[in-house]
Amino acid sequence: MNHLSLKWELLFICILLVTLPTVLMGMVGYYAYQSFAKQTLESQLHKHSQEVRSQAYDFIAQNERVLRREEALVLKRIKSVAQLSKSIFQTYPAQMKPTYGDTTLHSALQTLSQFRLNRSGHIFLLDENFNPVINNQLLPSLTNPTLYANLISHIKKEMPYILSGQTTIIKHPWSTNPNGIIYRQTALTYLDNWQMVLGVTINETDYKSHDFEVGLQNELRDRLASERIGKSGYIWVFNGQGEYIVSKDNLRNGENMLNIIDQHGHSIVEHLISSAKSAPPGGNEIIFYEWQDLGESSASPRAAAVTYVAEWDWFIGTNINLIEFYSGLREVRNKILHLCVVFILIGSLIAYYFAKRITTPIKHLEHLAVKAAQGDFNVQADPKLASRHTEINSLSNVFSEMICNIRQLMAQKEKSTQLLAARNTALQASEDKLTKALLELEYEKQKFHTQAITDSLTNLLNRRGFSKEGKKVWKRHQRTNEPLTIAMIDIDYFKRINDRYSHSIGDDVLIQLAKLLTNHMRENDIVARIGGEEFSMIISQPLCEAKKGLERLRRLVENTPIISDKREIFFTISIGAIEVNPQLPSLESALDAADTCLYAAKRSGRNKIIT
Ligand SMILES: Nc1nc2c(ncn2[C@@H]2O[C@H](COP(=O)(O)OP(=O)(O)OP(=O)(O)O)[C@@H](O)[C@H]2O)c(=O)[nH]1
């Protein structure tokens, strides 16, 4: 985040603040809708299942109502037949009482014995031992003695009632068939004249026809087969053997589907049947499974509410294709997704606008600050910023005020700098003048000093200079005891040169000698003109060495004429030299000693050296 600019950081935060709640709300919305959809699915299935169940029970109830009405009619009939028969037989005398095994029945009994109601209904008579005396061949006592005994037991129970002259009806099991026990309804009455029980009996199967029930089932079957839940949801019905009672559009009715297994190898229909059986009484159970219908390339996930109608052994399922059902949910999810994206985009654009609105003035002020930092104080904040009544406005005002102050300070500084520069220039000029004056003074001083110690004609040291420099050498000699020779040099007959050639040529001689002396002397030697034509030398050599040089000098002078007016003028010098020794206490005494030698050289004929 540190390398992000403020604008992008603000933008990022705003987008985050928009995106997170949007995505969160989208997810909550989607999952809420998903949960709602699942509840809707289940309630829809429950509702359909209950409707189908109630339809089935309406049909069952209708069937039962019809059967009950049929039964009531039959029972009324057998009762009336029994009472009618009784009224007939009561008219017969006791002598006409039939006996067990009697084959010569009179015509009335034969007629009654041949009486048939529906298919199996007939009349029978039982003697006091409960043995059949007519229609004994129709009583299956020989084939099912247990059920026959059961009938007799029932009759015996009813005896007190029929003995009182009443006619009663009993229901008793009579035979069995593959569908179960077949019951009979029997109307009983008592013949007082013959002490016999008269019965009119009929099999329930004779009047309880399944045709009506089958018709009802077929009607319901057709109705269910065409019913749809949603686009492709439908209703199926299996019987306990796993056979289709109702299939989609009745296309697979009768097919046994127990062999359809799921991925775990279990029979799906068995699972449906067991789930329906375990459903709460009168209710249904929601189950999820995979099923492949005719025309489908693969099994698809389904949900069904299953219920069991025990009376018909029908396992009814109302099912929905989950892919189809949730396709609507996918549409909702996509819509939520699109809404989220649009919302985030709009939020991002708004965030970008505000981030830019916030950062643009800051960027502008930053740009101005950078320019100011680089020394450009002619910057001015954008006047548009003043129109914003925000912190930016305050910042802009403060920045402008600051720049204005800096500008004033800079102007003051500039003024002060110019003033200072002018003063510096003046000061520098004064200083230069002073330096120049000092230099001139020093030059003059040096000049005066040089003039004071220099002979103006020969530029050699004069007597004062010689004395000054000589004292230094003398002190050094005293300190180091180095060998030192003092020589006094005088031009011979100089007065004659002046007189003979002029004073000017005399000066030239002096200058010539000074040059020769200067060339002759060594670095540490001192040469000076201490009088008119008198020169002195201090030579840093012992006398023996110095004398050789002085001799060379003397000969050089002797052989080096000066040229004046194309004439050669020769001159000579006399030299007196001594070596400084401890007997000479000062430079003056040493000069005196050398002067004494010079005097001796003059006296002894000149142009020579006396040491
Ligand atoms: N041209 C010239 N002559 C000078 C100068 N100073 C002194 N003299 C002359 O030097 C002469 C010195 O003469 P003297 O003292 O008699 O010595 P000299 O003639 O050399 O004789 P000795 O020294 O005995 O050989 C004088 O005539 C001075 O006038 C100078 O600066 N220029």
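How many bridges join strand β17 to β18, and do they run parallel or antiparallel? Two bridges join β17 (residues 573-579) to β18, and the strands run parallel. One of the pairings to look for is that of G576, whose bridge partner in β18 is I610.

Before going further, a word on what you are looking at. This is a predicted model, in which local features need pLDDT of at least 70 and side-chain atom pairs count only at pLDDT 80 or more, while totals for chains, interfaces and linings use all residues. Residues are numbered from 1 along each chain as its sequence is written. Helices (H or I, at least four residues) and strands (E, at least two) are DSSP runs, numbered from the N terminus. Two strands pair if DSSP finds at least two bridges between them.

Residues 12-33 are 100% helix and 0% strand, with their end C-alpha atoms 31 Å apart. For residues 336-355 the end C-alpha atoms lie 27 Å apart, and this span too is 100% helix and 0% strand.

Now turn to an open sheet of five strands in the order β2-β1-β5-β4-β3, with antiparallel pairing. β2 (132-134) and β3 (168-177) stand at the edges with a single partner strand each, so one side of each is left without a neighbour in the sheet. On average, neighbouring strands here are turned by 35° against each other, direction ignored. β1 (residues 122-126) pairs with β2 over two bridges in the antiparallel sense, and L126 stands opposite P132 in β2. Helix α1 (residues 6-89) packs on this sheet, touching β1, β3, β4 (180-191) and β5 (196-203), and its direction makes about 35° with that of β4. Helix α3 (residues 145-163) packs on the sheet as well, touching β3, β4 and β5, with a direction about 180° from that of β3. Contact here means C-beta atoms, placed from the backbone, within 7 Å. Axes are lines fitted to C-alpha atoms, for helices over the stretch in contact, and angles run from 0 to 180 degrees between N-to-C directions.

P361, L365, L368 and A372 of α7 meet I392, L395, S396, F399, I403 and I406 of α8. Those residues divide into nine nonpolar, one polar and no charged, where Ala, Val, Leu, Ile, Met, Phe, Trp, Tyr, Cys and Pro count as nonpolar, Asp, Glu, Lys and Arg as charged, and the others, Gly among them, as polar.

The opening strands belong to an open sheet of five, ordered β13-β14-β12-β17-β18, with mixed pairing. Its edges are β13 (526-529) and β18 (609-610), each with a single partner strand, so one side of each is left without a neighbour in the sheet.

Finally, visit the ligand. Of the 13 residues around the ligand, F494, K495, H503, G506 and G532 come nearest; a residue is near if its C-beta atom, placed from the backbone, lies within 6 Å. This shell has two nonpolar, four polar and seven charged residues. α10 (494-501) and α11 (503-520) each supply at least two of its residues, and α10 gives the most, with four. These helices, α10 and α11, pack at about 135° with axes 6 Å apart, and are therefore oblique to each other.

Terms used: Parallel < 35°, antiparallel > 145°, perpendicular 65-115°, else oblique. Contact = placed C-beta atoms within 7 Å.
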